There are 4 protein chains.
Amino acid sequence: MAVFIEQGFAGAKVVDIAKRAKSAKGTVYLYFETKEQLFEAVVRQYIQPTHVDMRAMAKNFSGSSSEMLSMILHRFYAEFVGNEQRRSIMRILISEGHRFPELTEYYYKEIISKAEKMIKQIIKRGIDSGEFRESPAQKIPTVVMGPAVMAAIWKMTFDNASKLNLKKFAEAHVDMVLNGLRA
Amino acid sequence: MAVFIEQGFAGAKVVDIAKRAKSAKGTVYLYFETKEQLFEAVVRQYIQPTHVDMRAMAKNFSGSSSEMLSMILHRFYAEFVGNEQRRSIMRILISEGHRFPELTEYYYKEIISKAEKMIKQIIKRGIDSGEFRESPAQKIPTVVMGPAVMAAIWKMTFDNASKLNLKKFAEAHVDMVLNGLRA
Amino acid sequence: MAVFIEQGFAGAKVVDIAKRAKSAKGTVYLYFETKEQLFEAVVRQYIQPTHVDMRAMAKNFSGSSSEMLSMILHRFYAEFVGNEQRRSIMRILISEGHRFPELTEYYYKEIISKAEKMIKQIIKRGIDSGEFRESPAQKIPTVVMGPAVMAAIWKMTFDNASKLNLKKFAEAHVDMVLNGLRA
Amino acid sequence: MAVFIEQGFAGAKVVDIAKRAKSAKGTVYLYFETKEQLFEAVVRQYIQPTHVDMRAMAKNFSGSSSEMLSMILHRFYAEFVGNEQRRSIMRILISEGHRFPELTEYYYKEIISKAEKMIKQIIKRGIDSGEFRESPAQKIPTVVMGPAVMAAIWKMTFDNASKLNLKKFAEAHVDMVLNGLRA
DNA sequence: CATGAATGAGTGTTCATTCAT
DNA sequence: TATGAATGAACACTCATTCAT
C-alpha cells in the first residue's frame, strides 16, 4: 500500500512492492494474478478496518445531540482526516477510481454509506428531541461531512501552498454545522 | 487535457494526445520538450479562465449578505462543481499534485486563495451589517466552501455508487451555511 | 564538414549542418537528396584540394634524393599530419568508409596513390643515383609513409593519453627512413 | 562486439546485439544500464587478452637484437595486424574514441604503452651490443611500429581500393627498420 | 529559392509477466 | 513455495525528410 500511495497505480513497480514486503518479484505473482488484482486486494484490505471504530462509538451515547454530533465529527477528524494513511486511500480512490469501479463501490458501501446513516440518525435524534430544526440536511447528511472531506483533500494537495490547521478547522466546522442545524 | 483527464498523467500516451489534437506525435515535441512540460502547460491553461468570472460577480452587489453568499455559492455550483472540466482539473491536481507542486501552488494562488478572500469579505460584510454572527468561519472561510468541494469530488468518484443530486445538495449546503452564520 | 567531423555521420544532425552553413534545414534538401549524398559531396570536396600542393612540389627538385625525401616527408607532416582538418578526413574515412566505399576509393585514387607514386619515384631516383640501395620499399612505398599516417591517427585518438611531439616524431621518422634506404 | 564493429556505436541496434547474443532486448538491460555502458564493457573485454602474448614472448630471447626485433614485428603482424578482430577494435577506438575517452586511455595503457616499452628495450639491447646505432627512435619507439599500424588501418579502409599484401608489407617494413637502426 | 512546421518511422529503455530452478 | 533471470510489448523521444507558404 505504501508504494501505491507514494507512486500511484501506474508509477508503482511490482519489484518495489515486493521488496517492501521483503519478498521477491515472482512471489507476488503466486498470490495475485496481475498488478490490478494486487492493487484491488491491497486497497480493499486497507479500507475494511476503518469504519468499525466509527460505528461502535455511535451507540450508547447519552449526551445531547449537539454533543454527539460534535464528538462524532471530532472523532472523524482525529481518526480519518488526521490519519495520513486513510487520507491517502481517499486520494487513491479519487485518482484511480475510474479504473477500479468496484473498489469505489466497496468504499462507498463500507465507509461512506455507514457514515451517512450515522449522521442521519444523529440529526433525526436531534430533531426528535427538539434540539435541531427540520432541514434539507436530514436527507442529505453528506453536507454535514463536507468540510471534513475537503480538509482531508486539502492536507494532501494544497498543504504546501497553504498549511491547514486541522484543530481550528475542525472547530470552525463543528461551530458552523451545529449552528446551522440548531432549532 | 481530455486525454490527461481520462487516463491520468502516466496513462496518457503522447500519440493519443497528438491524435486528439489532430496532429502527429512529433509535432507535440515542437512545442513541448517533454510530456511533463506538456502536462504543466495544458493544466495551467485550463486553470486560468476559471477565477475571472467569480471575481467579477463579487462586485457591485446590492442585496443582503445572505443573498450574496447564497448567490455566490450557487454560482460556484453552477460554474465549478457542475462543470465536468473544472472538476476534472481538481481531480488531476489531487492525483498528480505530488509530481507537479508548482501546479498546485499556481492553482491555489489563482483560484482558491481568491475564493477564500471573497468568502471572507462577504462574511465580514454580513457581520458588519449585523446579519451574521462572529464565528470562527471568518478566519477559516474554507469551511464554508467545504461541502461544495466535496460535491465536486463526489461527482467524479462516487457518483456511480450513489448519484448525487447537485441541485438539492447545493440547497442543503446553502441552507446549512446561512443558518450556521446567521446572527 | 565541421559537424560531420565532430559528430560522425550518424551523430551529425542535418539541422546543425544547416545552421553552421547559415541556412535552414529545408534548404539543404534543395541541393542534396539525402544526408548520405550530402556527406559524400562534402567529404569529396574536402579531399580534392589536398593533393595538388604535394604534387607540384615534387617536380623540379635539384638536391639529393635524401634531401628530397626528407623534404617531402616534412611537408607531409606540416600540411597533412599537422593539419587537423585533413587528419579528420582520414578519421572519417576510417570510421565511415564501410558505408561509403566510393569515397574511400576516391580518396585512394586522388591522394594516396599519388603519394605512393611520388615516393616510388624518389626512391627510384635515389637508387639510380646510387644514393639508395635496392629494397622492398621500392615496390611498397607505403612503408615509408607509415609512421606519418600513424602519427596522424595518434593525434586524433591517443593524444589525450600520451601527447605526441610532432616535430620530434617527424625527425625520428625521417632519420630512420633515410638510414633504412641508404645504400 | 561483432555488431558494434559492423555498424559503429550509433548504428548498432540493441535488439540486434541481443539477437546476436541469442537473447532478448530486455535481457541486455539486466546486465548493462545503457548502450554506452554495454559498449564500454564489450570493448574493454576485447582489449584485455591482446597484450599478454606479446609480452610473454619478449622474455628469454637469446638471438641478436635484429632477429629479436624482426621476430617481434612479424609476431605483431601475425597476431595483431592480421587479426580482423583486433584491427576492428582499433578502428572502433579511432571512430568512437572521442565519446569514450576512458576507453582509449585504457587501450593506451594496456596495449600501446607496453608495446612501446618493449620496442624501446630491444633498441637499447641492440645499441648496448653495438648492433644498432644511436638514433632518435630510441626515444620515440613508435616510429618503428608506425608502418604496422598503418597496415592495420589500410586493411580496414583501403583494401577494397588497393589490396595490401600483408606478408610483403611486413617484410618491407622489417627490412627498412632493421637497416634504419643498424649501426 | 528559402523556410521551418509537420510527419512518422525508428530506437533506447522500462516493466509487467512468465517460468525454469 | 520462493526466486529472479528472461522476455517482449509498450512508450517517450529523436530526427531525416517533405511540403505548403
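Chain A contains 9 helices and 0 strands, where helices are DSSP runs of H or I with at least four residues, strands are E runs of at least two, and numbering starts at the N terminus. Read from the N terminus, the order of elements in chain A is α-α-α-α-α-α-α-α-α. Along the principal axes, the C-alpha atoms of chain A fill a box of roughly 60 × 35 × 25 Å. The model is predicted: local features need pLDDT of at least 70, side-chain atom pairs count only at pLDDT 80 or more, and totals for chains, interfaces and linings use all residues. Residues are numbered from 1 along each chain as its sequence is written, chains are lettered from A and ligands numbered from 1 in the order in which they are written, and side-chain values use heavy atoms, with hydrogens and water left out.

Helix α1 of chain A (residues 2–11) includes A:Gly8. A:Gly8 and A:Arg91 are separated by 83 residues in sequence, and their C-alpha atoms lie 9.4 Å apart. With neighbours within four places in sequence set aside, A:Gly8 is in contact with A:Val3 and A:Glu96. Contact here means heavy atoms within 4.5 Å.

Helix packing was examined next. Two packed helices are described by the angle between their axes and the distance between the axes. Axes are lines fitted to C-alpha atoms, for helices over the stretch in contact, and angles run from 0 to 180 degrees between N-to-C directions. Angles under 35 degrees count as roughly parallel, over 145 as roughly antiparallel, 65 to 115 as roughly perpendicular and the rest as oblique.

In chain A, the axes of α8 (residues 142–157) and α9 (residues 166–181) come within 9 Å and cross at roughly 165°. α8(A) and α9(A) are therefore roughly antiparallel. From α8(A), A:Val144, A:Met145, A:Pro147, A:Ala148, A:Ala151 and A:Lys155 meet A:Leu166, A:Phe169, A:His173 and A:Val177 of α9(A). By class, the contact of α8(A) with α9(A) has 8 nonpolar, 1 polar and 1 charged residues. In this classification Ala, Val, Leu, Ile, Met, Phe, Trp, Tyr, Cys and Pro are nonpolar, Asp, Glu, Lys and Arg are charged, and the others, Gly among them, are polar.

In chain B, the axes of α6 (residues 65–81) and α7 (residues 84–96) come within 6 Å and cross at roughly 80°. α6(B) and α7(B) are therefore roughly perpendicular. B:Glu79, B:Phe80 and B:Val81 of α6(B) make the contact with B:Arg86, B:Arg87 and B:Met90 of α7(B). The contact of α6(B) with α7(B) has 3 nonpolar, no polar and 3 charged residues.

In chain C, α6 (residues 84–96) and α8 (residues 142–157) have axes that come within 10 Å and cross at roughly 85°. α6(C) and α8(C) are therefore roughly perpendicular as well. α6(C) contributes C:Arg87, C:Ser88, C:Met90, C:Arg91 and C:Ile94, and α8(C) contributes C:Val149, C:Ala152, C:Ile153, C:Lys155 and C:Met156. By class, this contact has 6 nonpolar, 1 polar and 3 charged residues.

Chain B and chain D do not touch either, with nearest C-alpha atoms 20 Å apart.

DNA strand E is surrounded by 28 residues, the closest being B:Lys25, B:Thr27, B:Tyr31, C:Thr27 and C:Tyr31. A residue is near a strand if one of its heavy atoms lies within 4 Å of it. Sugar and phosphate make up 63% of the atoms of DNA strand E that come within 4 Å of the protein. Phosphate oxygens of DNA strand E lie 3.3 Å from a polar backbone atom of A:Ala12 and 3.0 Å from one of A:Val14. A base oxygen of DNA strand E is 3.5 Å from a side-chain N or O atom of A:Lys25. The surface near DNA strand E has 12 nonpolar, 8 polar and 8 charged residues.

Around DNA strand F there are 28 residues, of which A:Thr27, A:Tyr31, B:Lys13, D:Thr27 and D:Tyr31 come nearest. Sugar and phosphate account for 65% of the atoms of DNA strand F within 4 Å of the protein. A phosphate oxygen of DNA strand F is 2.9 Å from a side-chain N or O atom of B:Lys35. A polar side-chain atom of D:Thr27 lies 2.5 Å from a phosphate oxygen of DNA strand F.

Note on methods:
Polar contact = N/O pair within 3.5 Å; in protein donor to acceptor, adjacent residues only side chain to side chain.
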